[in-house]
Every structure is written in C-alpha cells, then in structure tokens.
Amino acid sequence: MINFDKESQYYEKSLDLNYKKSNGIFYTDFNLAQLIINEINFRHSDVKVIDPCCGTGVFVKLAIDKGLNNVYGIDLDKKAVSFVKKICPTANLISMDSISCDFKQIMKRFKIKEKFDYVIGNPPYVPLTSTSLVTKEYLFLRQVKNYGDNLYVAALLRAKEMLNDNGIISYIIPKNFLHVNSYSFFRREILRDFSILSIVDIGKYFKNVRGEQIVLTLQKNRNADNTIKIKKLKNNKFELLTEIRQDFYTDKIILFESKEDVEIYKKFNKAYTTLNDYVKGYVGRGHSKLDNAICGKDIRKFGLKSLPPQTQGSQIFIQNIYSAEAGIIACFGGQLQANETVTIFTDGDPTMCRYVLGLIHSKLINFYLLKYCYNNSLLTMHVDARYLRSIPFIVDNDNFNVVLEYVNKLETLDYMSAEWFEYYNLLNKIVYRIYNLTEQEINFIDNTIKKTQSKKWDKNG
Ligand SMILES: C[S@@+](CC[C@H](N)C(=O)[O-])C[C@H]1O[C@@H](n2cnc3c(N)ncnc32)[C@H](O)[C@@H]1O
C-alpha cells in the first residue's frame, strides 16, 4: 500500500496547485481512507459501492481489498481514472461529470438498473460559478443554490439521488457545514430524512484546503430513535466522544465532546436570556471608509492601542477575526468610526455597553462561542452578529456595578500588568457567580479555556 500512496501522491503533485484549488482536487491519504472504510459496516460482500469523485481511487482500492465485489468509481479526470484502472482492474470505472449528470445518466453509463448501497469519498469543495455545473435541471440548480452553493453540496445531493433506501453515504466534507447559516436548509433536510450515524471531527486535515473537515456518515431513512455518534480523530483512531439523540438538533449541529458539554449547553439555553433580548441597537460590521477609521488591529482587550478610553457615545468595537487562542478582543469605541474589520455593537446606553464589554471578555462567554458557535474550531473565524446575539446574557442587579467597576479598571490600568490581570481574574469570577455555575462547571470551563487559549491570558488564573 506504500506504493499506492506514493504513486498517488506523485500523480497529485504533477497537477498544478491553482488547478487543484479551483477544482477541489486534494486526495485522501491511505490512513484516513482506511479509518473511514473500517467505520462502515458493509452488510455483505455483494453490496454496491461507489466513489463518484474517486480521484486516484483510494476508496475504490480499499473497498476491493475489503473483499467487496461490486465497486464503482467515477472521476472527471481521465488520467486519474486510468491510474485506478491499473491498480484495481476488477473495479467498474468511468470518466464523466458525476455532479452535473443525474443518477439515471450514471446508471446508464455503467449499464446497471439498481441504485447503490454505499456512496463514499471526498467530493470537491469549491464555491460554485456559473460554469461549474453543466446541467439544465432547474430544480437541481435551485436546490444547490439554496443549500449552500458549493460543489460538495451538489455532490451530496447527487449521492442522495443514487442511493438505495437504507443506503449509506460517508463523505469527508467541510466542518462548517454543521453550523454556518447558508447550509441551514440542507442540514434541516438531512436531520429530517436521514439517520446521521456518525460525525468524526478530523480537524484541519488537508494542507492547502481552507478550514476544518468532518467525516459525515448518513443512512437514508430516518430512524426516530437514532443517536449520533460524535467522534474525533486522535492518535490515528476515530475515538468516540459522546452520543446524542438526533432529535436534539433542529438545525445547527453542535459537536459536543462530552456529557458536560451537553449539560452546560442545556443550562445556557434553558436558564438564561440572550444578548438579543437586550440589544436595542445595531450588531454588525463597521462600514466607515475613512482613513482614520478604527480597524481590528487597533483594538486590544478593553481598549484601543493608541487612543485613551472613550468617554462619549455608545458603541462597542469587536475585532472581527476571532481566534480560540485569543478569545474576544473588544473595547468601548464611543463615537469613533470603524471599518469592516470591526464588528460593532450599539445599545444607546454607554453604561450597558460597558457591562456587555465585561461579559463578552469572560471565559464563560468565550467558552460558549468556542463550543457552541464555532464547534471547537481552532482556526480563526468571524465574529458573526448572529453568534453575538445568541450569547447567554444576564443583567444581574446585585453584580451590575461590580462588573462596571472591573471594566473601568481594565480600561485604565496598564495593559496586561499584574494588577490588570488581578481584575481580569476577578471579572471572570464574578461572571461565573452571575451565571450561577457550580464549582464543577466552573472547573470544566476553566480547563477547556486553558487548553485552547494562549498562555498569556492565564496569568495568575
Ligand atoms: C477531493 S478529490 C478526492 C478524490 C478521491 N475521492 C480521494 O478521496 O482521494 C475530488 C475529486 O473529484 C473530482 N471531480 C471534481 N469535479 C468532478 C465532477 N464534476 N465529476 C466527477 N469528478 C469530479 C476531481 O478530479 C478529484 O479527483
């Protein structure tokens, strides 16, 4: 198998990087494909299996090695298909556009009447342009557009078409499919019509591919009692983290890593209102084009790098790029103008703005964003207004003034001095009290944040 991997890599390297990027050509290595194949419980050796975008055929080869007799592969790239033909002479292989063509055309080319029992692989991820799909199927094109407008979305829809009842799809796809708004219609259809057997978080697996990936395994036909196995790639294994009933989800799919994750999420949702219940003004991107408009890089936690604390106005400026390492970086922006690298929150009330500023810098709110908005992604993300509005938010009479006092100190003391950290830690403690968390929950959040945030935020913590 070393030879297969080497030769496949050799072929992949011969392709131009820009061509690969614009066509979503990044082959799956042998190890990952093997783990995926091992996850699937093939019912018997005569089941029909296809990788409709097979590239150099790693899934085709492994399925044949597993003893399966009816293995099919398609790829647009004729040379890649020839490569697979040499390695897997018993496989059924053709070169065609398996995403533009519907399942009837595919079955005609293969001269078969029965649909497939398993559709596996790693389809191309490319935002669609007007030429990506060569089809006149109006309803298909419309659905692809509404479902997220990406080639892998089209590939997933085609996989669904070519699948038998009770058939299984196992695809590597971008992780943001689970939580980004533009995929909402498709997610809801999947939650309604399929049993999601497992989701494996494989992190940022592919060099040169943006974002993180998951392995999504679905079974056609919805089993009312289905539970989803949530797994993570660790030490070359798919490790089970937790299981959750599918009906827990209605749209966004959060990759809970443990029972504690689930319990804290439930508590946040049940017990607290959200920022949206309090926001009176605008939450969204800055749009000033002025040269001196504040940009993301001008902001540090609780202040502007080169301006004193603002006294007028009622805006909070948030660095638009969020990283798990730094957490939220925001300041009181007063009446200043900000450009599109800043997310602005306004309330009309500067005092409430400063209370919000305190809460959004806390470990608790950063934990919420990391876990339940960004699905544990360690890459940089955008501070989306939708996520900000969803954060659990309590205006606590007893502690309101204390939070304001700490925010005032954090705005005026020497940035990141020992005293500054003292108040930062006091702020975190008071926020835990406001949200009424148990000692156990606090430890869990502290530990999670410790593991993900940069050490520089944990002084004296
Ligand atoms: C991400 S690669 C994965 C290849 C292989 N499944 C693997 O996992 O190694 C995507 C493959 O899809 C192929 N492809 C792209 N668009 C296609 C289309 N419209 N029809 C068939 N194959 C396509 C590319 O040539 C490439 O080989």
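## Helices α12 and α16

Let's start with a helix pair in this predicted model. Helix α12 (residues 363-373) and helix α16 (residues 439-452) cross at roughly 70°, and their axes come within 10 Å. Here axes are lines fitted to C-alpha atoms, for helices over the stretch in contact, and angles run from 0 to 180 degrees between N-to-C directions. The elements themselves are DSSP runs numbered from the N terminus: helices are H or I with at least four residues, strands are E with at least two.

The crossing of α12 with α16 is left-handed, a term used if the near helix is turned anticlockwise from the far one by less than a right angle, with clockwise giving right-handed. On the α12 side, Lys363, Leu364, Asn366, Phe367 and Leu370 make the contact, and on the α16 side Ile445, Asp446, Thr448, Ile449 and Thr452. Two residues are in contact if their C-beta atoms, placed from the backbone, lie within 7 Å. By class, this contact holds five nonpolar, three polar and two charged residues. Ala, Val, Leu, Ile, Met, Phe, Trp, Tyr, Cys and Pro count as nonpolar, Asp, Glu, Lys and Arg as charged, and the others, Gly among them, as polar.

## Helices α14 and α15

Helix α14 (residues 400-412) packs with helix α15 (residues 418-434) at an angle of about 155°, the axes being 9 Å apart. The two are therefore roughly antiparallel to each other, and their crossing is left-handed.

From α14, the residues Val402, Val403, Tyr406, Lys409 and Leu410 meet Trp420, Tyr423, Tyr424, Leu426, Leu427 and Ile430 of α15. This contact has ten nonpolar residues, no polar ones and one charged.

## The nine-stranded sheet

Now to the strands. An open sheet with mixed pairing is formed by nine strands in the order β3-β2-β1-β4-β5-β7-β6-β8-β9. Strands count as paired if DSSP finds at least two bridges between them. At the edges are β3 (92-95) and β9 (237-245), each pairing on one side only, and the twist from one strand to the next averages 15°.

Within this sheet's order, β6 (residues 194-203) and β8 (residues 227-234) pair in the parallel sense over four bridges. Ile199 has Ile230 in β8 as its bridge partner.

Four strands in the order β11-β17-β14-β16 make up an open sheet with antiparallel pairing. The edge strands β11 (283-285) and β16 (330-332) each have a single partner strand, so one side of each is left without a neighbour in the sheet. On average, neighbouring strands are turned by 25° against each other, direction ignored.

Between β14 (residues 315-319) and β17 (residues 342-346) the antiparallel pairing runs over five bridges, with Ile318 opposite Thr343 in β17. Helix α11 (residues 350-360) lies across β14, β16 and β17, and runs at about 165° to β16.

## Around the ligand

The ligand is surrounded by 24 residues, of which Tyr27, Thr28, Cys53, Gly55 and Asn122 are the closest. A residue is near a molecule or strand if its C-beta atom, placed from the backbone, lies within 6 Å of it. The elements giving two or more residues to this shell are α4 (58-65) and β2 (70-75). Its classes are twelve nonpolar, eight polar and four charged residues.

## Reading the model

Residues are numbered from 1 along each chain as its sequence is written. In this predicted model, local features need pLDDT of at least 70 and side-chain atom pairs count only at pLDDT 80 or more, while totals for chains, interfaces and linings use all residues.

How values were computed. Parallel < 35°, antiparallel > 145°, perpendicular 65-115°, else oblique.
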